[in-house]
Amino acid sequence: MRVITYREEGVATAVGAILTILVFVILLTVFVTSYLPAEMTGYEETYSSNLMKSVMEVDSSVNLLFIEFRDGEIVTVPFSLESGSVPVISSPTVGTLSILPSSSGFISVSNDTTKISSSGGVSAETNNRYYVDQIYYYELSTIINSQEVNGSSLGNIVESNLITAQRGDNGTIILSVHLVNLEGGPISISYPGPVILNLEAFSEQEYQLNGNVTIFIQSQFSQQIYSMIAAALAPFTSLSIQHTITGDNLSLSISPNGATVMTDVSEITIMGGLSS
C-alpha cells in the first residue's frame with residue numbers, strides 16, 4: 001500500500017498567504033469604496049466653490065468696465081480647472097471653461113422707436129465625478145448655478161445686475177437695465193491647471209426709453225430670469241407687467257399704470273478670449 005505524506009508547514013504557509021491576500025483585498029475595497037470617494041468629494045467641493053468665486057469675479061470685472069469704461073482696456077480673470085486628488089490612487093477632476101456662442105443669453109429691450117439687444121456669456125463646468133456636478137453661467141448680467149441632480153438640471157440665480165428699479169423725482173419710476181454683449185465664442189478649454197479669461201472692452205452705449213417697454217429673452221433659464229425680474233419690480237404696484245414663457249423664450253411687457261416710467265439701458269460690448 002502506498003503511503004501519502006504531506007508537510008503541515010507548507011499548508012500553513014499557503015493558508016497564511018491566502019489570508020494575507022484576502023485581508024489586502026478587503027482593505028483595498030474599503031479604501032476604494034469609502035475613503036477615496038470621501039476624499040475626492042471634499043476636493044471637488046472646494047474646487048467647485050473656487051470656480052464659482054472665479055465666475056463671480058467675472059461679474060465684478062464687467063461691472064468695473066461699466067463704471068470705468070476705457071476703450072481697449074483689458075481685465076483678466078484666473079480660473080483653476082483642476083481639483084485636488086489622492087496621489088497614485090486617483091486623478092484630479094478637470095473642468096471646462098467656455099465663452100458661449102452669441103445665441104446664448106439673448107436679450108432685447110425695446111419700445112416703439114428703439115431696440116437694443118445683446119447676447120453671449122461664459123460658463124464654467126466642474127465635470128465632477130463624486131460631488132454634485134455643476135455648471136456656473138454668467139449671462140444676461142446674471143450668475144446662475146446649474147446642478148445635475150438625478151439626471152435633471154436645476155438652475156438657481158446666485159446674483160444678478162440685469163434690472164433694478166427705483167423711484168425718482170415726482171414719483172417717476174426709473175428702470176435700469178444692464179446689458180453685456182460678450183463676443184468671441186464659441187470657444188472652450190479643458191486644461192489641468194490655471195486658465196485665464198481675458199475681457200477687452202470695445203464699446204459702451206447709453207439709451208433712455210420712455211413709456212411701454214418690451215423685454216424679450218432667450219435662455220434655458222427663462223423661468224428663473226422671469227422670477228428674478230418679477231421680484232425686483234414687485235414693490236412698484238403702478239407698473240403693469242405681462243409675460244409669456246414658451247420653452248426658452250420669455251416675452252415681458254412693462255407698462256405704466258398711472259405713473260411715469262423711464263427705462264435707462266446701459267450696454268457694453270466685450271471681446272472675450274481664453275489662454276492657459
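**Close-up views of a predicted model**

Figure 1. Apart from its neighbours within four places in sequence, I189 makes contact with L81, G95, T96, L97, V195, L274 and S276. The residue belongs to strand β11, which comprises residues 187-189. I189 has a relative accessibility of 18%; because buried means under 20%, I189 counts as buried. The C-alpha atom of I189 lies 8.4 Å from that of S275, although 86 residues separate the two along the chain.

**Figure 2. The largest nonpolar core.** This core comprises 31 residues, and those with the most contacts inside it are V109, L162, I215, I217, I225 and I229. Two or more residues are given to this core by each of β3 (106-110), β6 (134-139), β10 (173-183), β13 (213-218), α2 (222-233), β15 (249-256) and β16 (261-275). The largest share, 5 residues, is that of α2. With residues up to four places away in sequence left out, I229 touches L162, I163, I217 and L252. Such grouping follows a general pattern: in soluble globular proteins, nonpolar side chains tend to be buried together.

**Figure 3. A second, separate core.** This core has 28 residues, among them Y47, L81, L197 and A201. L81 is also one of the contacts of I189 shown in Figure 1.

Figure 4. Strand β16 is largely enclosed by the rest of the structure, because 11 of its 15 residues are buried. β10 and β16 run parallel and are joined by 11 bridges. Within this pairing, L179 has E267 in β16 as its bridge partner. Strand β12, which spans residues 194-210, runs antiparallel to β16 and is joined to it by 14 bridges. Y207 stands opposite V265 of β16.

Figure 5. With strand β2 (residues 96-99), β5 forms an antiparallel pairing of 4 bridges. T96 has E125 in β5 as its bridge partner. The pairing of β5 with β6 is likewise antiparallel and comprises 5 bridges. E125 stands opposite I135 in β6.

**Figure 6. The cis peptide bond between G185 and P186.** The bond from G185 to P186 is cis, and its omega is near 5°. P186 is situated in the loop between β10 and β11. Strand β11, at residues 187-189, contains I189, the residue presented in Figure 1.

Figure 7. With a relative accessible area of 26%, N127 is partly exposed. S141 is buried, with a relative accessible area of 5%.

Note on methods:
Residues are numbered from 1 along each chain as its sequence is written. This is a predicted model: local features need pLDDT of at least 70, side-chain atom pairs count only at pLDDT 80 or more; totals for chains, interfaces and linings use all residues. Side-chain values use heavy atoms; hydrogens and water are left out. Buried means under 20% relative accessible area, exposed over 50%, partly exposed in between (1.4 Å probe, protein chains only). Contact means heavy atoms within 4.5 Å. A nonpolar core is a set of buried Ala, Val, Leu, Ile, Met, Phe, Trp, Tyr and Cys residues joined through side-chain atoms within 4.5 Å. Two strands pair if DSSP finds at least two bridges between them.
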